[in-house]
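Hi,

Here is the structure I promised to pass on. Have a look first, and my notes follow below.

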Amino acid sequence: MLEIKNLHARIGDREILKGLTLTVKPGEVHAIMGPNGAGKSTLSYILAGKDDYEVTEGEVLLNGASILDLEPNERSVAGLFLAFQYPIEIPGVATMTFLKAALNSHRKAKGEGELTTPEFMKLVKGVAEKLNITSDMLKRPVNVGFSGGEKKRAEIMQMALLQPSICILDETDSGLDIDALKVVSEGVNALRSPDRAFVVITHYQRLLDHIVPDIVHVLSDGRIVRTGGPELALDLEKNGYAAYVANAAA
Amino acid sequence: MVATPVRTPAEQALAARYPAERTSLPGTADVIAIRDAAFGGVEKSGLPHRRVEDWKYTDLRARLKTFPPAAGSGDVARILIAAPAVEGDKARRLVIANGRYRPELSDLEDLEHGLSVFSLATALEAGDATAIAALKLDDAIAANTAVALNTAFMTDGLVIAVADGAEIGRPVELVHIAEGEPAASTAVRHLVTVGKGARLTLIETIESLDTVAHHSNIMTMIEVGEGAKVDHIRLQLEPDEAVSMTSLVAKIGREANFDTFNAALGAGLARAQIFAEFVGRDAQAGFRGITMLSGRRHADTTLSLIHGAENCQSRELYKAVIDGEARSAFAGRIAVPAHAQKTDARMMTASLLLSEEAEADAKPELEIFADDVQCGHGATCGAIDEDLLFYLLSRGIPKAEAESMLILAFLGEAIDEIQNQAVHDALIHRVEGWLKTRAA
């Protein structure tokens, strides 16, 4: 589903990814853990197509096709979704207008017609309810005045509406209290399916109690330095990243 | 020997036109004297250039290539079938075609009690003392070139009066239409007085049915009486070939409420001037507008507000979106004399540059002589925020559509202040049309 091969990327003169290789198969949940500055957020932005970064080597295939030359919106309609670590506030753009534009872009790309307003409202309300997103939140501009937890729930709502095949969650647990973490995790778990995969980027093991991964990777200094099962996350929680940081430095 | 500056073709045309037309323009000898004085000032100084501070960003001498002849009466059939600029506003449309009020094309049925509408030309011909007195302007306003040219050449306009306490439910819409070829020029003056406690929504639309270099010079004078509420909205919609100048003179009375909004959506060269003054205490006013520019268009908004009475509040918000090689200028000056304590004024202008060659100039000025006031001003200028754009793109929204959403959001802050829903919607429709053209 998602194949990242020997990916090298830089921002300005600083090389951040130094040969990252990762294969994610349909239905799998991969966790990527790692210390600050390892390149976790860079990886998520590069996958989504932010143009601050320059890919110098390697490739990224989504369902067998290279996505590195695609615009961010083309990647989205191809099935890639990034849940932002810091969802952006967009004053003046109504949440419903935004959701409708996003959904219709996806439908158009699939050759489907636009939803009627009642169909669209019904769809959004159904998804929003499960994530405790009130109609008051839906009336506000995109993410404006949302708490940290509300923003993360709104990200998962967008994910549920757009039905991506690969979901990248960039530190979705940051800024969440225990209750919000549960709601968000349930929202993610509800989307797990044999033909959808997740890459969950996180600092802490806590999120992985709720979204149980199949495979855990340690990202350090721009490379995957260790891969294991869920037990690896527990080990990291106990012993920290010191061993990997030291290795990388050496 | 005194060096005479070289006259530009536009200045030569002006110099040839005025003496030939002055006696055939409407008005008694008193009016001619006022016109002569106004024209004399322009002739003496010539058209203003960039070294004249008020015209620093809009060098009229360089930009005004010609000054076309006065407009003829126009083709009534074409004017009659012209689609209205604002649909569904139920407004009382008063048509001013080619510089002349056309009662036969206007909606004068069932005039509300307390509302009167007359032709300025008729009033001036009849020697109406009130109308003639209204032509005598404060020196600073009278000397302004666009105003002086209006005084010299105005052919007609409307004298609108709302009686004390009259609440005029239907908006009054002044529909300015230029019709015909070749290019012609028009000058129109409106005198609007709104009595104590009265209410009026005044809409102005300015259009041309032909894509030629029509010049329009429209001046609207509004007296907002004590405790009155006036909402003034102007949609300036001429084609790129046109030159458009508007001047709004507003005197805002005690405890009155005045809002004015200018949508600068048309003309290759547009200048919107506002001369406003609080003449009574405890009044409120909002000055807002949007400018949308592409190609090589140039639009200038120049606001001069005298916060001349105690405890008055004003809000100024002007937003510009500039694409191509277009240029937008905003100059806003707020003066607070020593006696105007408790003044509260906040002026903001923001420009969104959509191309490398687009330009925005902003010059906010505060002149404060009172010591117990709150006055602020801000100016921003920048491109579309990349982070916002990336977020929209990452949800599958194509770039052109995402940019349009962000531009509309940027302008929305100002547009959403328009109280009249029909005009608000008509303007949004125009803005969306502009964005579609840009995205295509």
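Which residue does Ile4(A) stand opposite in strand 2 of chain A? That would be Leu22(A).

Before the rest, some housekeeping. This is a predicted model, where local features need pLDDT of at least 70 and side-chain atom pairs count only at pLDDT 80 or more, while totals for chains, interfaces and linings use all residues. Residues are numbered from 1 along each chain as its sequence is written, and chains are lettered from A and ligands numbered from 1 in the order in which they are written.

Back to chain A. Strand 1 (residues 2-11) runs antiparallel to strand 2 (residues 14-24), with eight bridges joining them; strands pair if DSSP finds at least two bridges between them. These two strands form a hairpin with two residues between them, and Gly12(A) in the turn has a positive phi of about 60°. Strand 1 is also joined to strand 4 (residues 54-62), again antiparallel, by seven bridges. There, Ile4(A) has Val60(A) as its bridge partner.

Now chain B. It has 11 helices and 19 strands (DSSP runs numbered from the N terminus: H or I of at least four residues for helices, E of at least two for strands). The C-alpha trace of chain B spans about 70 × 55 × 45 Å along its principal axes.

Cheers
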